[in-house]
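Subject: Structure handover

Hello,

Here is the structure for you to look over. My notes on it follow below.

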Amino acid sequence: MLGARQWAWLEGQLRTPADLRIVVSTIQVLPQGHGWEHWALYPSELARLLAALRGGAPSSSGGQSGVVFLSGDRHVGALYKYRPENHTSTTAQWRPNQSVLPGGISQPEPAPPSPLASVYELTSSSLTHSFACTAELPCGLEPGPMRTAHPLVHENNWGELSVDWVGRTLALRLRAASEGGGGGRALGDALLEVEVGFDELGMVTRQRQRPGGGRSGIGA
C-alpha cells in the first residue's frame, strides 16, 4: 500500500501529539465485507497502520488520540465503525485475525495486541458517478462486520466533518452533490449524518474555547 518513504512520513506524523487524528485514504480502511479495493486485502499493511495508530503520541492532555478515517473510491457513500469490545472475536464486529480475500479465501493475520477506542470511517463517493442500486446489490445492502445501521448512499455526494471542541462532539455527514435525487433532494441536503462524542473515541481533552464558537470542520 505504501512505500518506505511514505511509511516513514506517516509514522513520523503519528508521533506528533494530537487530540484528534483525521486519516485520509484514497481507498477504504475498515470495511471487510466486499471485494472492491480496500486495506484488508493487504493484511500486513493494515496491521502496520493500526499498530502505528496505537503507538502514536498521546493527546495534548496525555490521553489517547481520537481517530477518524475519511475515504473514497467506492462510488457509494457509507459509514463504518470499529468497536473495541469485539477486537479479539473472530465472529463479531471485527475479525482482526482473518482477512477475506477475493474468492472467499481467508488469510491469517496476527490479532492486534490491544484495542483502539471506537473508530469511525466516512466514505464519500462519488461526486458525479455513484453506483445505482441493482438486483445484485439492492440499495443499502453490503455485508461486513464494520457496517453501521446507516444504509449505503447511492446518490452523488460529498463528505463533511465538523468538530465542536467545546461541546466535545464531532459530526460526520454526507451531502447531496446533485439536485433531484431521491425525493427531489436539493444540492447540499444531508443524506447521512451522525454525531459522535469525544468519549466514544477515547479522547481526553482539556476544556477550551476556540474562535468561531469552538467549531472547526473540513469537507471532502
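Contact here means heavy atoms within 4.5 Å. This is a predicted model: local features need pLDDT of at least 70, side-chain atom pairs count only at pLDDT 80 or more, and totals for chains, interfaces and linings use all residues. Residues are numbered from 1 along each chain as its sequence is written, and side-chain values use heavy atoms, with hydrogens and water left out.

**Cysteine 133**

Leaving aside neighbours within four places in sequence, cysteine 133 is in contact with Pro138, Cys139 and His154. Cysteine 133 sits in the loop between E6 and E7. Helices (H or I, at least four residues) and strands (E, at least two) are DSSP runs, numbered from the N terminus. The relative accessible area of cysteine 133 is 30%, which makes the residue partly exposed. The scale: buried is under 20% relative accessible area, exposed is over 50%, and partly exposed is in between (1.4 Å probe, protein chains only). Leucine 152 is 19 residues from cysteine 133 in sequence. In space the two are 9.8 Å apart, C-alpha to C-alpha.

**Confidence**

pLDDT is the predictor's confidence in each residue, from 0 to 100. The protein chain has a mean of 81, and 76% of its residues reach 70 or more. Among the elements, E8 has the highest mean pLDDT, 97. Strand E4 (residues 98–101) has the lowest, 41. Over residues 88–113 the pLDDT is below 50. That stretch still has 52 contacts in the model beyond near neighbours in sequence. Where pLDDT is low, the predicted coordinates should not be read in detail.

**Salt bridges**

How many salt bridges are there? The count is eight, with a side-chain nitrogen of Lys or Arg within 4 Å of a carboxyl oxygen of Asp or Glu as the rule.

One of them pairs glutamate 142 with arginine 74, at 3.0 Å from N to O. Glutamate 142 is in the loop between strand E6 (119–123) and strand E7 (157–164), and arginine 74 is in the loop between strand E2 (66–71) and strand E3 (78–82), so this bridge ties together parts 68 residues apart in sequence. Both residues, glutamate 142 and arginine 74, are buried.

Arginine 173 is in strand E8 (residues 169–176) and glutamate 160 in strand E7, 13 residues apart. Arginine 173 counts as buried, at 15% relative accessibility. The bridge from glutamate 160 to arginine 175 is 3.1 Å, N to O. Arginine 175 is also in strand E8, so this pair ties E7 to a part 15 residues away in sequence. Glu160, Arg173, Arg175 and Glu193 are linked in a network of salt bridges.

**Cores**

A nonpolar core is a set of buried Ala, Val, Leu, Ile, Met, Phe, Trp, Tyr and Cys residues joined through side-chain atoms within 4.5 Å. The largest has 23 residues. Leu30, Trp39, Leu49, Leu53, Phe69 and Val119 have the most contacts inside it. Helix H1 (4–14), helix H2 (43–54), E2 and E3 each give two or more residues. H2 gives the most, five. Leaving aside neighbours within four places in sequence, leucine 53 is in contact with Leu14, Val23, Val67, Phe69 and Leu116. A second, separate core of 21 residues includes Leu172, Leu174, Val194 and Val196.

**Largest pocket**

The largest pocket has a volume of about 430 Å³. The search used a 1 Å grid over the protein atoms alone; a pocket is an open set of points where a 1.4 Å probe fits, with protein on both sides within 12 Å along at least five of seven lines, and lining residues have an atom within 4 Å of a point. Grid points are joined across faces, edges and corners, and the volume is the space filled by probe spheres set on them. The lining has 20 residues, with Trp9, Leu10, Ile22, Val23 and Val24 nearest the centre. H1 and strand E1 (20–24) each give two or more residues to this lining. H1 gives the most, five.

**Backbone points to check**

A cis peptide bond joins serine 125 and serine 126, with omega about 0°. Histidine 75 is not a glycine, yet its phi is positive, near 65°. Histidine 75 is in the loop between E2 and E3. Arginine 168 also has a positive phi, about 60°. Arginine 168 is in the loop between E7 and E8.

Best wishes
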